[in-house]
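Reader: I have a model to read and some questions about its parts. Please take them one at a time.

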Amino acid sequence: MAEIKQVLVPDIGDYKDVSIIEVMVKTGDTIKAEDNLVTLETDKAAMEVPSPYAGVIKEMKVKVGDKVSQGSLILLIESSDAAIAPNAGKPAAPVAAAPVIAAPAAPAAPVAAKPAAAPLTAPQPVMTDAPAGKAHASPAIRRFARELGVPVAEVKGSGEKGRVTKDDVQNFVKAALAQPRGAAGGNGLQVLAMPVVDFAKFGAIETRPLSRIRKISGANLHRNWVTIPHITQFDEADITGMDAFRKELGAEYSKQNIKITPLAFLVKAVVVALQQFPEFNASLDASGENLVLKQYFHIGVAVDTPDGLMVPVLRDADKKGIVQIARELGEISARAREKKITAAEMQGGCFTISSLGGIGGTAFTPIINAPELAILGVSKAIIKPMHQDDTFVARLMLPLSLSYDHRVIDGAAAARFIVFLSQVLADTRRLAL
Ligand code: CAO
């Protein structure tokens, strides 16, 4: 039965008297659960507050410029059903909506990329920093710009304090379209528009909306794929000895519920290789003219979740042993699958490992997780006959696929990196070096 419900400002951490910079709905609107209602902004961050209910808005209690804190009343809604947004907390009225944190601005070019705007769901209201000195735009405008492929940092804002408005984004697109079409050899990507196909003409279909994580990660993957010149270098590491040791450790630690997979060794071996080849533990700075070499070793690990790919980051892997890494990997991948990873836990990575070894396949070409410069793909280890001392011996071989940013890393350096990594994996004593 329909009833009037209050929608309140959710837990927004320590922030008080936060400005409402955008109101996306009005009295009389019919909305779905999770539709965004307002955007809040401090001097550091912006976040959207989605509706915990579907229904008809009966009365707005806020307007642009109002200051609100946790618990402030945003609006009254006549809820048309019992539908409550999955992230809305307990379904008791009044319910505070769960804020959605603004992803960092899509950069104009990968050189300007912020720490990977990784796919995320943030159950905790962690505010992300606004890009210092960059365009101010609300999350809704940033999303609108992203959908159109507009680099919001390049749009001149005409709103209050230089804020980028929807009109500014539209004018940017109009101006871009008004430019003469690039002749062959020009800078623009001149591609045909995707055909619009009525698939139902050919048979039965079902249309399923993409998850939020998939939409965000898709946009990031697309940017990285088209803007970074990728090369993938392949190799195989003889992990016969490593795997025997891993099984011993696995038996020892299974009682403590710690699963020791090859991935824990790979994280450690990658750290040793990054220490040997510091230009792989680096990013281009915003100008694209300097390499920022990192003296920390935070390794991102791609985790396959039902809603799409997430890349939590394992911090200070150089200071941790194999068992601790294995324990943390189990813990972060479980939390990623339960959508309990925060935005902060997906930032600051130096290098990513994407392991499909538990599934199969012989090799693949992983996409670099900008602003990192390289990513290691790992496929399934299999026993192969290897030629040694004039005879064939059975060895467990692990396929490795290293994609790297060819603007910064030369092919020879990449080959040296992967060969070194294979040597470390072939002789685990080197992990201690
Ligand atoms: N070769 C052979 N066996 C392997 C292996 C490899 N390279 N890597 C893992 N295995 C084995 C493990 O030892 C484990 O065996 P048991 O069940 O007998 O103990 C089994 O495969 C399953 O391992 P796992 O997948 O549970 O654990 P993991 O540590 O290897 O990986 C995680 C963890 C989170 C990375 C993984 O579950 C995952 O999500 N992988 C997908 C990442 C992905 O989608 N990448 C693609 C990105 S590009 O689009």
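Reader: In which loop does lysine 339 lie?
Author: This is a predicted model, in which local features need pLDDT of at least 70, side-chain atom pairs count only at pLDDT 80 or more, and totals for chains, interfaces and linings use all residues. Residues are numbered from 1 along each chain as its sequence is written, and side-chain values use heavy atoms, with hydrogens and water left out. Helices (H or I, at least four residues) and strands (E, at least two) are DSSP runs, numbered from the N terminus. Lysine 339 lies in the loop between H6 and E18.

Reader: What is the phi of lysine 339?
Author: Most residues other than glycine have a negative phi. Lysine 339 is not glycine, yet its phi is positive, near 60 degrees.

Reader: Which residue does a cis peptide bond join to alanine 370?
Author: Most peptide bonds are trans. Here omega is about 10 degrees, and the bond is cis. Alanine 370 is joined to proline 371.

Reader: At what angle do H5 and H6 pack?
Author: Axes are lines fitted to C-alpha atoms, for helices over the stretch in contact, and angles run from 0 to 180 degrees between N-to-C directions. Helix H5 covers residues 262–276 and helix H6 residues 322–337, with axes 9 Å apart. Their angle is about 120 degrees.

Reader: Which residues of H6 meet H5?
Author: Contact means heavy atoms within 4.5 Å. From H5 come Leu263, Ala264, Phe265, Val267 and Lys268. In H6 they meet Ile322, Ile325, Ala326 and Leu329.

Reader: Which side chain has an N or O atom 2.8 Å from an oxygen atom of the ligand?
Author: A polar contact is a pair of N or O atoms within 3.5 Å. Serine 354 places a polar side-chain atom 2.8 Å from a nitrogen atom of the ligand, and serine 355 has a backbone N or O atom 3.0 Å from a nitrogen atom of the ligand. For the ligand's oxygen atom, the side chain is that of arginine 337.

How values were computed: Polar contact = N/O pair within 3.5 Å; in protein donor to acceptor, adjacent residues only side chain to side chain.
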